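Let's walk through a few of its contacts together.

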Amino acid sequence: MLELRRAQAGYGRIQALREVSLEVGAGEIVTLIGANGAGKSTTLMTICGVVPAQAGEILFEGESLRGLSPDAIVARGIVQVPEGRRIFPQMSVLENLELGAYLRRDSAGIRRDLEHVMELFPILAERRHQPGGTLSGGEQQMLAISRALMARPKLLLLDEPSLGLAPLVIRQIFAIIRRINAEGTTVFLVEQNANQALRLAHRGYVLENGRVVLADTTEKLLGNEEVKSAYLGI
Ligand code: ATP
């Protein structure tokens with residue numbers, strides 16, 4: 001579904017992605033793990049068209065995304081849940097969700113999807129009229145994921161959904177990601193929490209200093225001695 005071929009990107013003179021090649025197949029959960037500053041967020045920003053690729057190729061369903069605007073990339077079916085959630089704190093939960101559907105015109109479908117996300121996260125139904133900013137960190141993450149689902153993504157990009165959350169809440173969020181995937185959405189998950197991410201995903205990539213240094217099934221990565229000592233603290 002998604003393929004990066006030797007993608008390079010950066011900020012001015014900082015080359016954040018030196019050479020990133022990876023693939024995400026339809027129906028998979030693929031994770032990209034790596035330390036702080038390895039280039040994980042930049043990888044997602046480059047896929048979304050927010051940070052332009054300087055070289056290499058980014059293909060989605062066989063077509064190049066290079067040069068497309070972020071809006072056009074959302075319209076193709078790629079939606080990101082950004083690091084730090086970025087919900088609109090003054091707007092109600094419902095208004096935040098409706099914003100996720102801003103490119104859609106099928107009002108019956110939007111209503112059905114609203115009901116669906118509220119069934120996935122019942123707390124959002126309870127708090128639908130509350131300002132987003134009054135939700136807890138975990139609830140805001142649920143809202144950010146739900147807002148992305150309102151765009152009906154084929155490929156959902158998640159940037160560190162576990163950041164700053166308690167272990168129990170992380171487990172809930174990861175269980176929902178598994179369900180979203182089982183219902184047909186392909187997932188590309190960027191995480192510093194390698195342990196949880198590798199237990200959730202089917203395949204994984206390890207990013208170091210803007211380069212993919214390891215690629216394998218998550219089962220093999222969990223047993224890999226380098227991964228264990230560098231990322232799993234074993
Ligand atoms: P984190 O887990 O901290 O988000 P990351 O793996 O997602 O780390 P990136 O945020 O992609 O890493 O950062 C990769 C490199 O690019 C780092 O050296 C970082 O300092 C730099 N960088 C990221 N964003 C910017 C920016 N807006 N301007 C300049 N440099 C940036």
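## Around the ligand

Start with asparagine 36: an N or O atom in its side chain sits 2.3 Å from an oxygen atom of the ligand. Keep in mind that this is a predicted model. On its own, the ligand has 630 Å² of accessible area, and the protein covers 62% of that. Two elements, β2 and α1 (40–48), each give two or more residues to the shell around the ligand.

How many residues surround the ligand? There are 14, and the closest are Asn36, Gly37, Lys40, Ser41 and Thr42. Sort the shell by class and you get five nonpolar, six polar and three charged residues. Helix α1 gives the most to this shell, with three residues.

## Salt bridges across the chain

Now for the charged pairs. Searching the whole structure turns up 12 salt bridges. One of them pairs glutamate 19 with arginine 6, and their closest N and O atoms are 3.5 Å apart. This pair ties together distant parts of the chain: glutamate 19 belongs to strand β2 (residues 14–24), while arginine 6 belongs to strand β1 (residues 2–11), and the two are 13 residues apart.

Are these two partners buried or exposed? Glutamate 19 has a relative accessible area of 29%, so it counts as partly exposed. Arginine 6 reaches 52%, which means it counts as exposed, because the exposed class takes in values over 50%.

## Salt bridges between sequence neighbours

Glutamate 183 has a salt bridge too, this time with arginine 179, and here the closest N and O atoms are 3.0 Å apart. Glutamate 183 is partly exposed, at 43% relative accessible area. Arginine 179 is also partly exposed, with a relative accessibility of 31%.

Next, find glutamate 225 and lysine 228, whose side chains meet in a salt bridge with an N to O distance of 3.5 Å. Why are they separated by about one helical turn? Both are in helix α10 (residues 225–232) and they are three residues apart, so about one turn of the helix separates them. Glutamate 225 is exposed, at 56% relative accessibility. Elsewhere, salt bridges with shared partners join Arg104, Asp106, Asp113 and Arg152 into one network.

## A buried asparagine

Let's finish with asparagine 96, which you'll find in helix α3 (residues 93–100). Is asparagine 96 buried or exposed? Its relative accessibility is 0%, so it counts as buried, because the buried class covers values under 20%.

What does its side chain reach? The side chain of asparagine 96 comes to 2.9 Å from the backbone nitrogen of phenylalanine 88. Leaving out residues up to four places away in sequence, asparagine 96 touches Ile87, Phe88, Met91, Gly132, Leu143 and Arg147.

Conventions: Residues numbered from 1 in each chain as written. Predicted model: local features only at pLDDT ≥ 70, side-chain atom pairs only at ≥ 80, totals over all residues. Heavy atoms only, no water. Salt bridge = Lys/Arg side-chain N within 4 Å of Asp/Glu carboxyl O. Helix = DSSP H or I, 4+ residues; strand = E, 2+ residues; numbered from the N terminus. Buried < 20%, exposed > 50% of the residue type's maximum accessible area, 1.4 Å probe, protein only. Near = heavy atom within 4 Å. Polar contact = N/O pair within 3.5 Å; in protein donor to acceptor, adjacent residues only side chain to side chain. Areas by Shrake-Rupley, 256 points an atom, 1.4 Å probe, with all protein chains shown as cover. Nonpolar A, V, L, I, M, F, W, Y, C, P; charged D, E, K, R; others polar. Contact = heavy atoms within 4.5 Å.
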